[in-house]
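Let's take a walk through this protein chain together. Have a look at the sequence and the 3D view first, then read on.

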Amino acid sequence: QSRGSQVTGGGIMWYVTDGNHEDHESLDALPVRDDGLRELAPGVLHCPRGLVLVLEGKRWMFFGGAVSVDKPGRTPGRDWFDREVASQAEFLRACEAGRVDVLVVHDVPLGSKFWRTHLQQDRPAWRRETPWRTGMLVASDQHQRMLGELVSVVQPGVLFHGHHHMRVETQIGEAEVHGLGCNGMGQASWMIVDEAGEVIIG
């Protein structure tokens with residue numbers, strides 16, 4: 001509550017989507033308002049997966065979730081929750097929303113040449129040079145493939161994602177893709193955009 005009061009001090013409304021480290025059980029237990037949003041704190045609203053908001057005439061879709069490739073080192077119910085990944089039902093509902101102007105996701109969808117190279121997705125999972133287990137890499141690839149299919153269906157002009165802790169500009173199809181860093185990375189972890197997703201500062 002106190003953090004919500006701090007961030008809304010300037011009268012700004014905050015719309016957030018979930019990542020993969022949230023307490024999804026507690027999040028899912030919160031009531032969903034008639035407009036489809038969950039209130040986390042005064043002025044801080046959670047956008048469930050597939051929700052579309054119309055902001056100044058532009059359609060914004062939010063679709064959170066990602067695979068924790070470090071799951072084997074986490075404790076279920078404390079710092080790992082099986083709801084971290086989107087379900088098929090959530091994916092299908094999102095596809096039914098039609099085209100959007102802006103898509104906000106946590107994980108990066110499959111389809112970016114940069115990320116395919118960086119994540120070594122041109123190799124079988126078991127041949128990648130990474131500390132993560134093969135099964136976790138396969139699960140992550142599958143989730144990113146689903147997100148890539150979502151991009152193909154809703155055809156955003158702009159896409160924002162996090163998860164990989166890198167500030168990267170890339171492209172997926174016709175969509176401009178902005179990857180953000182993580183906490184502690186300064187301006188690499190945030191940007192200011194207008195209602196159309198055009199970058200003002202970032």
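Helices (H or I, at least four residues) and strands (E, at least two) are runs assigned by DSSP and numbered from the N terminus. His165, for instance, sits in the loop between strand 7 and strand 8. What you're looking at is a predicted model, where local features need pLDDT of at least 70, side-chain atom pairs count only at pLDDT 80 or more, and totals for chains, interfaces and linings use all residues. Residues are numbered from 1 along each chain as its sequence is written, and side-chain values use heavy atoms, with hydrogens and water left out.

**The big picture**

- The protein chain has five helices and eleven strands.
- Its radius of gyration (taken over C-alpha atoms) is 17 Å, close to the 17 Å that the globule rule gives for 202 residues, so the chain is as compact as a globular protein of that length. That rule is 2.2 Å times the number of residues to the power 0.38.
- Along the principal axes, the C-alpha atoms fill a box of roughly 50 × 40 × 35 Å.
- Of the 202 residues, 42% count as buried. Buried means under 20% relative accessible area, exposed means over 50%, and partly exposed is in between (1.4 Å probe, protein chains only).
- Take the contacts (heavy atoms within 4.5 Å) between residues at least 6 apart in sequence: 60% of them join residues at least 24 apart.

- Six strands form an open sheet in the order 4-5-6-7-9-8, with mixed pairing. Two strands pair if DSSP finds at least two bridges between them.
- Strand 4 (51-55) and strand 8 (168-172) are the edge strands, each pairing on one side only.
- From one strand to the next, the twist averages 20°. For angles like this, axes are lines fitted to C-alpha atoms (for helices, over the stretch in contact), and values run from 0 to 180 degrees between N-to-C directions.
- Strand 8 and strand 9 (residues 175-179) run antiparallel and are joined by five bridges. Glu169 has His178 in strand 9 as its bridge partner.

- Another open sheet, of three strands, has the order 1-3-2 and mixed pairing.
- Here the edge strands are strand 1 and strand 2 (38-41), and each pairs on one side only.
- The twist in this sheet averages 35° from one strand to the next.
- Three bridges pair strand 2 with strand 3 (residues 44-46) in the antiparallel sense. Ala41 has Val44 in strand 3 as its bridge partner.

**Two helices to find**

- Helix 5 (residues 134-154) lies across strand 5 (58-63), strand 6 (102-105), strand 7 (158-161) and strand 8, and it runs at about 165° to strand 5.
- Helix 3 (residues 88-95) has Glu90, Phe91, Ala94 and Cys95 as its buried residues. Seen down the axis of helix 3, these fall within an arc of 135°, so they line one face of the helix. The arc is that of the directions from the helix axis to the C-beta atoms.
- What covers those buried residues of helix 3? Strand 5 and helix 5 are included in the cover.

**Cysteines without a bond**

- A disulfide is a covalent bond between the sulfur atoms of two cysteines. In this model, a disulfide is counted when a pair of cysteine sulfur atoms lies within 2.5 Å, and the structure holds zero of them.

**Loop residues worth a click**

- Gln155 isn't a glycine, yet it has a positive phi of about 50°. You'll find Gln155 in the loop between helix 5 and strand 7, where it counts as partly exposed at 37% relative accessibility.
- His165 isn't a glycine either, and its phi is positive at about 60°. With 48% relative accessibility, His165 counts as partly exposed.
- Asp18 lies in the loop between strand 1 (14-16) and helix 2 (24-29). Is Asp18 buried or exposed? At 4% relative accessibility, Asp18 counts as buried.
- Leaving out residues up to four places away in sequence, Asp18 touches several residues, including His24, Cys47, Arg49 and His106.
- Asp18 and Phe62 are 44 residues apart in sequence, and 9.0 Å apart in space, C-alpha to C-alpha.
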